[in-house]
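Open the model in your viewer and keep the sequence panel beside it.

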Amino acid sequence: VVVELKINELRKEYIGQIQVYMNYIDNNLKKIDHDRTIGIIVCRYNNKYVIEYCSDDRIIAREYELM
């Protein structure tokens, strides 16, 4: 699992960035019997358009609230 914590709203480039990390792990670190890597982006605001239309279903985006 690759996890990124962002302090602002989700941007399209964050998805591309985490895909690079996920592909690196899939190609260089994981074993043959492991599942594909999952990416989680935690961001302050939720950009539903980017999440809904993200082409990689292995990426999960969630929002958080600072208390």
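**Strands, then a lysine**

Select L5 first: the residue opposite L5 is V42, in strand β2. This is a predicted model, in which local features need pLDDT of at least 70 and side-chain atom pairs count only at pLDDT 80 or more, while totals for chains, interfaces and linings use all residues. Numbering starts from 1 along each chain as its sequence is written, and side-chain values use heavy atoms, without hydrogens or water.

Next, show β1 (residues 2-5) with β2; the two run parallel and are joined by four bridges. Strands pair if DSSP finds at least two bridges between them; strands (E, at least two residues) and helices (H or I, at least four) are DSSP runs numbered from the N terminus.

Now select residues 39-43, strand β2: G39, I41 and C43 form its covered face, and I40 and V42 the uncovered one.

Colour by pLDDT (the predictor's confidence in each residue, from 0 to 100). The protein chain has a mean of 81; helix α2 (residues 48-52) is lowest, at a mean of 58, and α1 highest, at 90.

Finish at K6, in the loop between β1 and α1. Is K6 buried or exposed? K6 is buried, at 14% relative accessible area (buried is under 20%, exposed over 50%, partly exposed in between; 1.4 Å probe, protein chains only). Contacts of K6 (heavy atoms within 4.5 Å), leaving aside neighbours within four places in sequence, include Y14, I41 and Y64.
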